[in-house]
Amino acid sequence: MILCGIAFPMLPIIAQDNVIDEVVWVVGDEAILKSDVEEARIYFMASGQKMEGDPYCVIPEQLAIQKLFLHQAELDSIEVTDAEVIRSVDAEIDARINQIGSREKMEEYFDKTTTQIREQLRETVRDRMLVEQVQKKLFGNIQMTPAEVRRGYAMLKEEEIPFVPTQVEVQIITQQPEIPFEEIERVKAELRDYTERVQSGEAQFSTLAVFYSEDKESARRGGEIDFFGRGEMVPEFSAVAFNLTEPGKISKIVETEYGFHIIQLVEKRGDRIKVRHILRKPDVSDESMQASMLKLDSIANDIRTGKFSFDEASILSADKDTRKNFGLMHNMYTGSAKFELQQLPQEVARAIYTMNIGEISRPFTMIDTKTGKEVCAIVKLKSKTEAHRATPTEDFQTIKDVLIAKEREKKMEKWIVEKQNTTYIRINENWCDCDFQYPGWVKQ
């Protein structure tokens with residue numbers, strides 16, 4: 001039963017702001033409030049996402065679809081754990097901070113404290129995870145044989161066939177310039193001084209982090225790293241952080257691949273902790289950098305003259321991740337070894353742009369995207385596939401993914417239409433005049 005043109009009663013909420021809310025949709029026994037729509041609209045604006053159509057039509061319809069899936073989750077007894085929700089909320093908070101620019105700007109934008117945003121997100125994230133679980137159960141097991149993929153490809157319109165941009169495979173060997181003992185001792189002395197200043201009451205840890213920490217992301221938040229579990233940080237950092245037992249206590253100096261840290265415990269919550277830290281990185285001298293460049297130049301020349309292959313030389317690389325894979329770089333966006341040029345570190349993309357397959361670059365410096373340290377590198381262009389329309393021969397998985405997505409969308413549309421016909425739905429008369437994706441919400 002779907003009704004439109006009924007004026008809903010006004011419901012007072014958020015009394016401290018003296019705001020009157022309004023029920024705009026009812027799906028089953030669940031209400032969608034105007035404030036729900038506004039909150040989603042503000043987030044879309046803050047995150048820079050583009051929305052096709054009127055947000056006051058698109059957003060409530062998406063929320064209504066979510067209600068249908070949540071009802072199915074209840075029927076199927078699907079649940080998500082608190083730990084899963086907390087991890088996702090932490091990631092969502094970090095994403096919002098990155099998109100908006102800082103924790104302070106986020107709080108100003110949403111006119112809420114981080115704690116209030118976190119509490120509000122908790123149910124939103126839980127609902128989203130439940131919806132994902134339901135969709136996975138209903139539509140996540142679509143299989144296609146190679147023959148079905150070929151037949152499906154033949155039926156695709158030209159505009160439905162994805163355009164595959166130029167892709168490359170790149171091997172890399174890096175060298176970390178040697179840091180003199182005196183420079184390491186200088187950095188450690190700085191960190192010891194920070195600890196003494198905090199313990200004596202001369203300065204706050206958070207203030208020192210803002211001024212001196214070289215982890216720029218956390219430095220903006222006074223060095224704070226939000227709640228994390230043991231496996232979410234590098235082992236050396238986690239081992240020291242989780243040994244802290246008293247809030248405010250500062251750790252000994254700990255070395256990781258990123259540099260040297262001191263850590264202050266903020267709060268423990270079950271098997272997760274919140275800390276502050278200050279990161280300092282030893283300076284690399286011009287002499288050390290030049291020595292690494294010369295070493296890589298020698299390695300590259302030996303490869304070119306056939307003394308050994310790039311694969312064999314990769315064992316000399318300082319990059320432990322690519323060293324295990326004969327220097328082959330791994331694309332974190334796709335999980336494969338193929339990169340579009342814009343997915344590569346800028347310095348690597350610049351180096352291979354004019355190279356031929358099999359060619360080895362001259363040594364260059366780059367910032368290690370994982371550690372933030374400056375390293376020296378040489379690269380080899382292992383393969384290059386020019387931009388083209390996807391074909392089953394060259395891009396079987398890409399075509400298969402497109403076809404499975406189309407089949408999943410078809411099944412989902414059918415399911416939503418069936419649920420529309422069996423669910424009680426009311427829409428406020430001021431919110432009916434929309435070109436909905438699924439017209440079945442409103443029936444005359």
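Select Arg-96 to begin: this residue is buried, with a relative accessible area of 8%. Buried here denotes under 20% relative accessible area, exposed over 50%, and partly exposed in between, with a 1.4 Å probe and protein chains only. Arg-96 belongs to helix α3, residues 82–100; helices (H or I, at least four residues) and strands (E, at least two) are DSSP runs numbered from the N terminus. With residues up to four places away in sequence not counted, Arg-96 touches Tyr-43, Met-106, Phe-110, Ile-117 and Leu-121, where contact means heavy atoms within 4.5 Å.

The model is predicted: local features need pLDDT of at least 70, side-chain atom pairs count only at pLDDT 80 or more, and totals for chains, interfaces and linings use all residues. Residues are numbered from 1 along each chain as its sequence is written, and side-chain values use heavy atoms, with hydrogens and water left out.

Next, select Asp-111, in the loop between α4 and α5. Asp-111 is exposed, at a relative accessible area of 62%. Its phi is positive, about 55°, although the residue is not a glycine. Most residues other than glycine have a negative phi.

Phe-326 also has a positive phi of about 55° without being a glycine; look for it in the loop between α13 and β11 (339–340). Glu-312 lies in helix α12, residues 310–313, and is exposed, with a relative accessible area of 51%.

Which residues have the most contacts inside the largest nonpolar core? They are Trp-25, Ile-32, Phe-69, Ile-427 and Trp-441, in a core of 41 residues. Such a core is a set of buried Ala, Val, Leu, Ile, Met, Phe, Trp, Tyr and Cys residues joined through side-chain atoms within 4.5 Å. Two or more residues come from each of β3 (20–27), α1 (34–47), α2 (55–75), α3, α4 (103–110), α5 (114–139), α15 (396–422) and β15 (425–428). Another core, of 16 residues, lies apart from it and includes Val-348, Ala-349, Ile-352 and Met-355.

Proceed to the second largest pocket, which holds about 1200 Å³ of space. A pocket is an open set of points on a 1 Å grid over the protein atoms alone, where a 1.4 Å probe fits, with protein on both sides within 12 Å along at least five of seven lines; lining residues have an atom within 4 Å of a point. The volume is the space filled by probe spheres set on the points, which are joined across faces, edges and corners. Of its 42 lining residues, Asp-319, Asp-368, Thr-369, Lys-370 and Thr-371 are the closest to the centre. Helix α13 gives the most to this lining, with three residues.

For a further stop, select Met-233 in the loop between β7 (224–228) and α10. Met-233 is partly exposed, at 28% relative accessibility. Beyond its neighbours within four places in sequence, Met-233 contacts Ile-225, Phe-228 and Ser-238.

Finally, display the whole chain, with its 15 helices and 15 strands. Its C-alpha atoms fill a box of roughly 80 × 70 × 35 Å along the principal axes. Of the 444 residues, 43% are buried.
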